[in-house]
Amino acid sequence: MAETRLMTINMGPQHPATHGVLRLLLELDGEVIVKSVPDIGYLHRGIEKLAESMTYPQALTLTDRLDYTSGLSNNLAYCLAVEKLLDIAIPKRAQYLRVLLAELQRIAAHLLWIATHALDLGAMTLLFYAFRDREEILGMLELVTGARLTPSFIRIGGIAADIPEPFLPRVRAFVATFPKRVDEYETLLTENIIWKKRTQGISPMSGADCIDYGVTGPVLRASGVYYDVRKAYPYSSYEDFDFEIPLGQKGDVYDRYLVRLKEMRQSNRIVGQAAEKLPAGPVMAVDAPQVTPPAKEAVGKDIAALIRHFKIMEEGFRPPCGEVYASIESSKGELGFYLISDGGNKPFRMRVRPPSFINLGALPKMIKGQMVADVVAAIGSIDIVLGEIDR
Amino acid sequence: MAKSTACELLKAQFPEAVRGIDEFRGETSVTVDKERLRAVMAFLKENEGTLYDLLVDIAGVDAGGGSPRFLVVYLLHSMKYNNRLRIKVGVSEGAAVDTVSDIWKAADWMEREVYDLFGIEFSRHPDLRRILLPEDFTGHPLRKDYPLKGVDFDKPFPVCLEEEKGKQTDG
């Protein structure tokens, strides 16, 4: 019998299927993976350290750069944590608009995921369909926030500005057509025999394993575990909306695909409800003048407003001593911010609970005993963003 | 099961290990003795009345001048009872904390990150290496005494001209 030995190969850091700069050290027995060691940190920018040198409103801009496919979700999680620290109430209109924007952002993030995931597995057509719809969402977000990638639009105390006139009609048109678009994706993939062969039974995780590894988000739900922060710890009025949490059974790549597709439909429902039920009123907290800057018109006319404006922009504000944790269900999983205040105007400690980082920790378990070609499918199915992993 | 019940159970089971219970904005933090951490964590995960099966996060904190200097903060979630609990242990400089990576696999990478950025060691961790920073990096950036910017961040890069390069190799 011929002698056999294991082979070690590097996948990445510059590999198109790793969605960023991720290096995997794979130990192979033929084509079967015996051991894998992810190597991360290529994109580390020290966001947690930087936040300690910035005032609370300034640190908001850092959060855009975490998971850069869903800047608004990151803004929302950070603002919820600071607002919890301050203990201020947010007007209903701002809460609904936050939900609307965050759900649009989730659809956009999932569209980017399905486009690249399908491309990795050789289904190129879907990329063009998904990007067509993502472009429409980014156009709408640009209309409201003025930015496509780094909005910093959800602010401490509410949102930066009310929506412009043409926004809601565009949202309604999108909500009406989007389910048909998801049907199109399903026609291309769900019953596609090649897609099924590449995804069914690949890198399965049981629900118990997912919980053990701290996995959250669609990957956890694809394994049949009912955990979604929007239902478990409702924030920003999610309890007012009627939506379901899709679950899978086998926890393989195919189930994760199905769960995300269903999630897009549910997000679309939430967007529609938020647009219909949107209450009138202010979009910034009115009873927290120490936190929210004055209206722009007032700054030019009223000396007190001018002073208040400069005070907030220069010094920020001083929340009481204490520590809070606030989290949201981002498109990748539970995104949390753990803030400690020492009574100063800068966070004493800002810890980001990054869903991609923790989900990636389960990758070695997922791909053990699988084939090399399936690693691409597994990475795609976790939907990682390296900006959030490396911070 | 309410969070307060978890605290009661903890106090009944480990009267000597519970150092303090804080409530702030509806969140409960329990400070426990570092030596009893593993026993407390195993109890919280396995006990029928608590069942904290999901380790949400581990955060390091450099309390600055405080004593002990560091805190390691564990955030737990119970799928069954749908509530969260925060467990804190104080760690003095140079001391090690027992790993919980065999209780929750999720702790493996989280503890590596705390070790990388704070320099807090976790004893009996299966693979305690830096995770975000390169292996040859010196220092632990999230410590309060670590500078935000390098000492020479505003100095120009050393310019090495072609002719000087020639001189260097010649001389």
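In chain A, the strands β6, β7 and β8 make an open sheet of three in the order β6-β7-β8, with antiparallel pairing. Its edges are taken by β6 and β8 of chain A, each of which pairs on one side only, and neighbouring strands of this sheet are turned by 10° against each other on average, direction ignored. This is a predicted model, in which local features need pLDDT of at least 70, side-chain atom pairs count only at pLDDT 80 or more, and totals for chains, interfaces and linings use all residues. Residues are numbered from 1 along each chain as its sequence is written, while chains are lettered from A and ligands numbered from 1 in the order in which they are written.

Some terms need their cut-offs here. Helices (H or I, at least four residues) and strands (E, at least two) are DSSP runs, numbered from the N terminus, and two strands are said to pair if DSSP finds at least two bridges between them. Axes are lines fitted to C-alpha atoms, for helices over the stretch in contact, and angles run from 0 to 180 degrees between N-to-C directions. A contact between two residues requires that their C-beta atoms, placed from the backbone, lie within 7 Å.

Within this sheet, β7(A) and β8(A) run antiparallel and are joined by five bridges, and A:Gly336 has A:Arg353 in β8(A) as its bridge partner. Helix α3 (residues 71-86) of chain A packs on the sheet, where it touches β6 and β7 of chain A, and its direction makes about 150° with that of β6(A). α3(A) has 16 residues and reaches 23 Å from its first C-alpha to its last, close to the 22 Å expected at 1.5 Å a residue; the expected span is 1.5 Å times one less than the number of residues. A residue is buried if 20 or more other C-beta atoms lie within 10 Å of its own, exposed if 12 or fewer, and partly exposed in between, with C-beta atoms placed from the backbone. By this count 16 of the 16 residues of α3(A) are buried, so the helix is largely enclosed by the rest of the structure. A:Asp87, which follows α3(A), has a positive phi near 60°.

A further open sheet of three strands in chain A has the order β1-β2-β3, again with antiparallel pairing. Because β1 (7-11) and β3 (32-39) of chain A stand at the edges with a single partner strand each, one side of each is left without a neighbour in the sheet. Neighbouring strands here are turned by 20° against each other on average, direction ignored. The two pairings of this sheet are set out below.

| Strand pair | Bridges | One bridge partner pair |
|---|---|---|
| β1(A) and β2(A) | five bridges | A:Met11 and A:Leu24 |
| β2(A) and β3(A) | seven bridges | A:Leu24 and A:Pro38 |

β2(A) and β3(A) form a hairpin with two residues between them, and A:Gly30 in the turn has a positive phi of about 65°. Helix α16 (residues 372-382) of chain A lies across β1, β2 and β3 of chain A, running at about 145° to β2(A).

Helix α6 (residues 167-189) of chain A has 23 residues, which should span 33 Å at 1.5 Å a residue, and its end C-alpha atoms are 32 Å apart, which agrees.

A:Lys92 is found in helix α4 of chain A and is partly exposed, with 17 other C-beta atoms within 10 Å. Leaving aside its neighbours within four places in sequence, A:Lys92 is in contact with A:Ser237, A:Pro279 and A:Gly281. A:Lys92 and A:Pro279 are 187 residues apart in sequence and 6.8 Å apart in space, C-alpha to C-alpha.

## Chain B and the interface

Chain B has four helices and seven strands, and buried residues make up 36% of its 171 residues. Where the chains meet, 30 residues of chain A are in contact with 24 residues of chain B. Among the elements that give two or more residues to this side of chain A are β6 (322-329), β7 (334-341) and β8 (349-353) of chain A.
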